[in-house]
Amino acid sequence: MNAAADALAAPPPLPPHLSRPVRAPGVGEALALLVFYFCLQLVIGFGAAFVAGLALGTAPGEHFGSPLQSAMADPDVRTAVTAITLLLAAGITLWLVHRRWPNQWRLALAWQGFGFAPSAQPAFYVAALALGVAVPVIGGLLTHWLAGDHPVTQTISQMGHEAALPGRIALAALAVTLGPLVEETMFRGVLFSSLLGFRQRTSIQRDLGGTRVAAAMLLSAALFATVHLPDLGWRWYALPNLALLGLGCAWLRLHSGSLWPAVIAHGVNNALAVAGWFLVLHPGA
């Protein structure tokens, strides 16, 4: 009788997918996600530009490339295409990450999950704000020292200067919110956890030595900076600024138990970068 009562009182067994130790994504999976995201941007951007070019119309007898040329010659259309591309590519990628690794989505431990949960220590949000303000200052000085007399510009910044005010506002909003969210998910979420959990994936208790943590922080920050090279016009001297931001965000993710401080720091950094779009006078704005 007691055995039957104990059986009724016992909690039901966990589903098989929750009863196993939660493992970090593989490094190959994390890198494949990055490749997928940037290829997705190319496909969506090409398609959106081509459709926009067709909508603008081309003269009879013009060659096949004319719709693309017509679209990208207009700064406002270019800005709209960029905004649509970021919105769709980021949304699809975030949906894919949540679907592929649902159990890791809210886990606090950086070598297991992605930290989509509030940090238990509010001080890390203050640190995130400070980091977001300090990196553009320190990294900007370092970049200009390395660049010398060479210009330091980004493609998206040029679009922000050239577009009309509504386009600048839309692009700035995405650059400050959705852009940091998807990049932090990929680099300080999926990639960082995969690098920390590269060995002994089935063990929840592991020794996170200083060497492994430092290597994971450096690798994720270096890759984060490198993938921005095309947008920087392949100007290598702009990389230290981004690498510094990547290191700071990795530190926040590791110690706060949450991805949100890293997202905030990244967003503040971008907000300071795009502030110049509204300080430059634009005809007709």
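# A tour of an all-helix chain

The structure holds zero disulfides (a disulfide being a pair of cysteine sulfur atoms within 2.5 Å). Before you click further, know that this is a predicted model, where local features need pLDDT of at least 70, side-chain atom pairs count only at pLDDT 80 or more, and totals for chains, interfaces and linings use all residues. Residues are numbered from 1 along each chain as its sequence is written, and side-chain values use heavy atoms, with hydrogens and water left out.

**Stop 1: the whole chain.** Colour by secondary structure and you will find 13 helices and zero strands. Helices here are DSSP runs of H or I with at least four residues, strands are runs of E with at least two, and both are numbered from the N terminus. Of the 285 residues, 42% are buried, meaning under 20% relative accessible area; exposed is over 50%, and partly exposed lies in between (1.4 Å probe, protein chains only).

Stop 2: Select C249, which is buried because its relative accessible area is 0%. Now select C39: it counts as partly exposed, because its relative accessibility is 40%.

**Stop 3: the largest nonpolar core.** A nonpolar core is a set of buried Ala, Val, Leu, Ile, Met, Phe, Trp, Tyr and Cys residues joined through side-chain atoms within 4.5 Å. The largest one has 54 residues, and V97, F114, V190, F192 and L196 have the most contacts inside it. Which helix gives the most to this core? Select α9 (178-196): this helix supplies 10 residues.

Stay on F192 and show its surroundings. Leaving out residues up to four places away in sequence, F192 touches A110, F187, A216, M217, S220, A250, R253 and L254; a contact means heavy atoms within 4.5 Å.

**Stop 4: a second core.** Next, select A48, A49, A52 and V77, which are among the five residues of a second, separate core.

**Stop 5: helix α5.** V77 also belongs to the buried residues of α5, which include L86, L94 and V97. Try the distance tool on the end C-alpha atoms of α5: they are 37 Å apart, which agrees with the 38 Å that its 26 residues should span at 1.5 Å a residue. The expected span is 1.5 Å times one less than the number of residues.

**Stop 6: helix α12.** Finish with residues 260-274, where the 15 residues should span 21 Å and the end C-alpha atoms are 21 Å apart, so the two agree. Buried residues of α12 include P261, H266, N269 and V274.
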